[in-house]
Amino acid sequence: MESVGLFPVLALSATLFVTGMAGVLTRKNALIVFMSVELMLNAVNLAFVAFSRQTQNLDGHVFAVFVMAVAAAEAAVGLALVILLFRNRITVSLDDLNILKG
Amino acid sequence: MTQPVLFYLFSLVAALSGLSVITARNPITSALSLVLCFFCLAADYVLLDAHFVAVIQVLVYAGAIMVLFIFVIMLLNIRDDIPSPLGDVSGRAIVGLIVSGVMGIGLITAMDKGIRDATFTAVDENYGTIQAVGMELFRAGGPFLLPFEVISALLTVAVIGAVILAKKEI
């Protein structure tokens, strides 16, 4: 990777992060919103690993492992919430979730 | 000199499959595109000498987490009832696209000349292996010992929370 450089890796990371952000802000299906969040977490992991490779230490790798553990916990609780929601309202559309709207 | 070719190839596929995640009508299509994206990112990790992170990416993300997603999608059996990929174009969708576009331009332009000119230097062959990452993680007196234990408590709490939320009668 000596001939590629840091910038293309960070550009890919930024592209994936913005893609995930667009998904979170525009989609209505709760499951696809969750998948977009996973995409954003992966973009951040890629930036961690790229900077870690650049500075030649391993802290970024350890952080990437921590981020994956937190993402696994988030996915488990989030999908349980989606199942609970579907059981009560028979929908996963975020537009129908407005009971807290004042 | 095959490394740059492989990197750009996998990056292109990762970006396109990431786009497919948010534009697909069917959640299953989204989930499978996300699996493809994760595999391409794992290949990029290998090219960045992060061997352990690449293995964990395939095992935990493409394996465990995405199986959970696909399992829930099939369990709920949702019909794709939206007419167009982005739903009916609402004010929220337009604002969301503008905000993320500005964010993307901002992120790319924020990388100054120092980052644009930065190149990678050669690392020793032990870099990024399970042994090296493990030594960093569990080094006595190192900063990651307490966070590692806290993460295990967090995963336990998440498992118990998920069971309590999703079970009909406890």
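Which residue takes a positive phi just after α2(A)? The residue is Q56(A), whose phi is about 60°. The structure is a predicted model, in which local features need pLDDT of at least 70, side-chain atom pairs count only at pLDDT 80 or more, and totals for chains, interfaces and linings use all residues. Residues are numbered from 1 along each chain as its sequence is written, while chains are lettered from A and ligands numbered from 1 in the order in which they are written.

**Confidence**

- The model scores ipTM 0.92 and pTM 0.90.
- Chain B has a mean pLDDT of 88, and 92% of its residues reach 70 or more; pLDDT is the predictor's confidence in each residue, from 0 to 100.
- Among the elements of chain B, the highest mean pLDDT belongs to α2(B), at 94, and the lowest to α5(B), at 81.

**Overall form of chain B**

- Chain B contains seven helices and zero strands; helices (H or I, at least four residues) and strands (E, at least two) are DSSP runs, numbered from the N terminus.
- Along the sequence the pattern of chain B is α-α-α-α-α-α-α.
- The radius of gyration of chain B is 20 Å, whereas a compact globule of 170 residues would have a value near 15 Å. This radius is taken over C-alpha atoms, and the globule rule is 2.2 Å times the number of residues to the power 0.38.
- Taken along the principal axes, the C-alpha atoms of chain B fill a box of roughly 55 × 50 × 30 Å.
- Of the 170 residues of chain B, 25% count as buried. A residue is buried if 20 or more other C-beta atoms lie within 10 Å of its own, exposed if 12 or fewer, and partly exposed in between, with C-beta atoms placed from the backbone.
- Contacts in chain B between residues at least 6 apart in sequence include 54% that join residues at least 24 apart; two residues are in contact if their C-beta atoms, placed from the backbone, lie within 7 Å.

- Helix α1 of chain A (residues 6-26) has 21 residues and reaches 31 Å from its first C-alpha to its last, close to the 30 Å expected. The expected span of a helix is 1.5 Å times one less than its number of residues.
- Of the 21 residues of α1(A), 16 are buried, and the helix is mostly covered.
- Helix α2(A) has 26 residues and reaches 38 Å from its first C-alpha to its last, close to the 38 Å expected.
- Because 20 of its 26 residues are buried, α2(A) is largely enclosed by the rest of the structure.

**Residues with a positive phi**

- Most residues other than glycine have a negative phi.
- Q56(A) lies in the loop between α2 (30-55) and α3 (59-89) of chain A, and is partly exposed, with 13 other C-beta atoms within 10 Å.
- D49(B), with phi near 65°, lies in the loop between α2 (27-47) and α3 (51-76) of chain B. D49(B) counts as buried, with 23 C-beta neighbours inside 10 Å.

**The largest nonpolar core**

- A nonpolar core is a set of buried Ala, Val, Leu, Ile, Met, Phe, Trp, Tyr and Cys residues joined through C-beta atoms within 7 Å.
- The largest such core has 67 residues, of which M35(A), V49(A) and V53(B) touch the most other members.
- Elements that give two or more residues to this core include α1, α2 and α3 of chain A, as well as α6 (130-138) and α7 (145-166) of chain B.
- Helix α2(A) gives the most to this core, with 13 residues.
- Not counting residues up to four places away in sequence, V53(B) touches V49(A), H61(A), A64(A), V65(A) and Y45(B).

**Where the chains meet**

- In chain B, 73 residues are in contact with 58 residues of chain A.
- Helix α3(B) gives the most to the side of chain B that touches chain A, with twelve residues.
- By class, that side has 57 nonpolar, twelve polar and four charged residues. Ala, Val, Leu, Ile, Met, Phe, Trp, Tyr, Cys and Pro count as nonpolar, Asp, Glu, Lys and Arg as charged, and the others, Gly among them, as polar.
- G96(B) is found in helix α4 of chain B and, leaving aside its neighbours within four places in sequence, is in contact with A22(A), L25(A) and T26(A).
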